[in-house]
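Student: Hi! I'm new to this one, could you walk me through it?
Tutor: Happy to. Have a look, then ask away.

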Amino acid sequence: MTTKAWTALWAVYLIWGSTYLGIKLAGDTIPAFTAVSWRFLIAGALMAAIVAARRGGGALRITRQELACAALIGLLLPGANGILFVAERTVPTGVAALIIASVPLIVVLLRLAGGERPPPRAIAGVLIGFAGVALLFHPEGGAAWWGIGLTGISALAWATGSYLASRIPLPEDAFVATAFEMLAGGALLLPLGLAQTPDPSAFSATSLLAFAYLVLIGSLVGFTAYVWLLHHVPLGTVSTYAYVNPVVAIALGMLFLDERITWRIALGAAIVLASVAVVVRRETEAAVEPFGE
């Protein structure tokens with residue numbers, strides 16, 4: 001690969017892996033749905049402004065049907081992010097990242113429920129992978145049962161949004177679609193954010209810096225690098241982010257939050273990441289849609 005391709009790939013590895021730490025730090029003093037609604041409203045507005053500046057305002061014209069579908073995806077994906085904000089109040093970032101790493105496994109189950117027939121090896125990988133996820137559903141390292149459960153719900157919402165995104169009418173341009181999805185998701189979650197009666201004077205400098213990182217780096221730079229990779233690098237290479245991101249999240253959690261790795265987390269991580277690697281590889285060989293963030 002070229003230097004530019006490696007730079008973009010490592011950007012996705014590090015940026016999306018680091019967002020778990022960003023969510024933890026932002027959520028320390030900023031209410032969950034306040035943070036997530038404004039994160040996506042600001043990121044969506046910036047994305048739309050970039051598209052308009054580069055290609056003109058006409059590029060942002062979409063049909064009512066596309067807008068409704070973008071709103072649905074926006075509710076599921078940013079909604080999953082909002083749930084994760086709440087969950088990470090008790091769940092270690094590494095454990096949260098590993099549970100979210102099961103998204104490709106859940107997508108295979110959704111495809112089966114929809115009448116599709118994924119490769120047999122992918123199905124076997126799913127069954128093994130959920131054994132690893134079961135090991136992670138344990139309240140240790142300061143986690144609470146409700147936090148672990150919410151993380152699982154977040155993974156399910158993200159998988160459902162990812163599954164539907166390739167099956168309902170959305171704007172053909174990925175950047176336009178993402179701008180409307182983020183704007184719609186932020187707008188739909190804003191009432192929940194306002195209901196939490198946020199007090200900006202209580203927001204710490206660390207939380208505000210983490211929030212800015214999630215908006216500018218996590219949402220804009222990370223997604224731009226990902227879309228570029230999809231057009232210039234083999235899908236199998238791009239899809240490796242699904243099992244590299246948790247490793248980055250675990251390392252950052254240990255480094256900055258003093259999170260520890262127990263035998264249960266280590267074993268669950270090994271099983272989940274190995275099964276995701278098998279599923280992503282088999283799905284890539286079968287030329288299906290990638291599992292995107």
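Student: How many helices and strands does the protein chain have?
Tutor: There are 12 helices and 0 strands in the protein chain. Bear in mind that this is a predicted model.

Student: What share of the residues is buried?
Tutor: Buried residues account for 53% of the 293 in the chain. As for the accessible surface, it comes to about 12,900 Å², with 68% belonging to carbon and sulfur atoms.

Student: What about contacts between residues at least 6 apart in sequence?
Tutor: Of those, 91% join residues at least 24 apart.

Student: Switching topic: how many positive and negative side chains are there?
Tutor: The chain has 16 positive and 15 negative ones, and the centres of the two sets lie 5 Å apart.

Student: Okay, aromatics. How many aromatic pairs does the structure hold?
Tutor: It holds 5 aromatic pairs. One of them is Trp10 with Tyr13: the ring centres are 5.1 Å apart and the planes sit at 85°, so this pair is edge-to-face.

Student: Where do Trp10 and Tyr13 lie?
Tutor: Both are in helix α1 (residues 3–26), 3 residues apart, which is about one turn of the helix.

Student: Is Tyr13 buried or exposed?
Tutor: Tyr13 is buried, because its relative accessible area is 9% and the cut-off for buried is under 20%. Trp10, at 45%, counts as partly exposed.

Student: What about the rings of Tyr226 and Tyr241?
Tutor: Their centres are 5.6 Å apart with the planes at 75°, so that pair is edge-to-face. Tyr226 belongs to helix α9 (residues 205–232) and Tyr241 to helix α11 (residues 241–257), so the pair ties together parts 15 residues apart in sequence. Tyr226 and Tyr241 are both buried.

Student: Which residues do ring pairs link into a cluster?
Tutor: Trp16, Tyr226 and Tyr241.

Student: Last one: where is Gly58?
Tutor: Gly58 is in the loop between α2 (32–55) and α3 (64–87). Its relative accessible area is 37%, so Gly58 is partly exposed.

Note on methods:
Residues are numbered from 1 along each chain as its sequence is written. This is a predicted model: local features need pLDDT of at least 70, side-chain atom pairs count only at pLDDT 80 or more; totals for chains, interfaces and linings use all residues. Side-chain values use heavy atoms; hydrogens and water are left out. Helices (H or I, at least four residues) and strands (E, at least two) are DSSP runs, numbered from the N terminus. Buried means under 20% relative accessible area, exposed over 50%, partly exposed in between (1.4 Å probe, protein chains only). Contact means heavy atoms within 4.5 Å. Accessible areas come from the Shrake-Rupley method with a 1.4 Å probe; for residues, only the protein chains shown count as cover. Lys and Arg count as positive and Asp and Glu as negative; His and the chain ends are not counted. The place of a charge is taken as NZ of Lys, CZ of Arg, CG of Asp or CD of Glu. Rings of Phe, Tyr and Trp (its six-membered ring) pair if their centres lie within 6.5 Å; planes under 30 degrees apart count as stacked, over 60 as edge-to-face and the rest as tilted.
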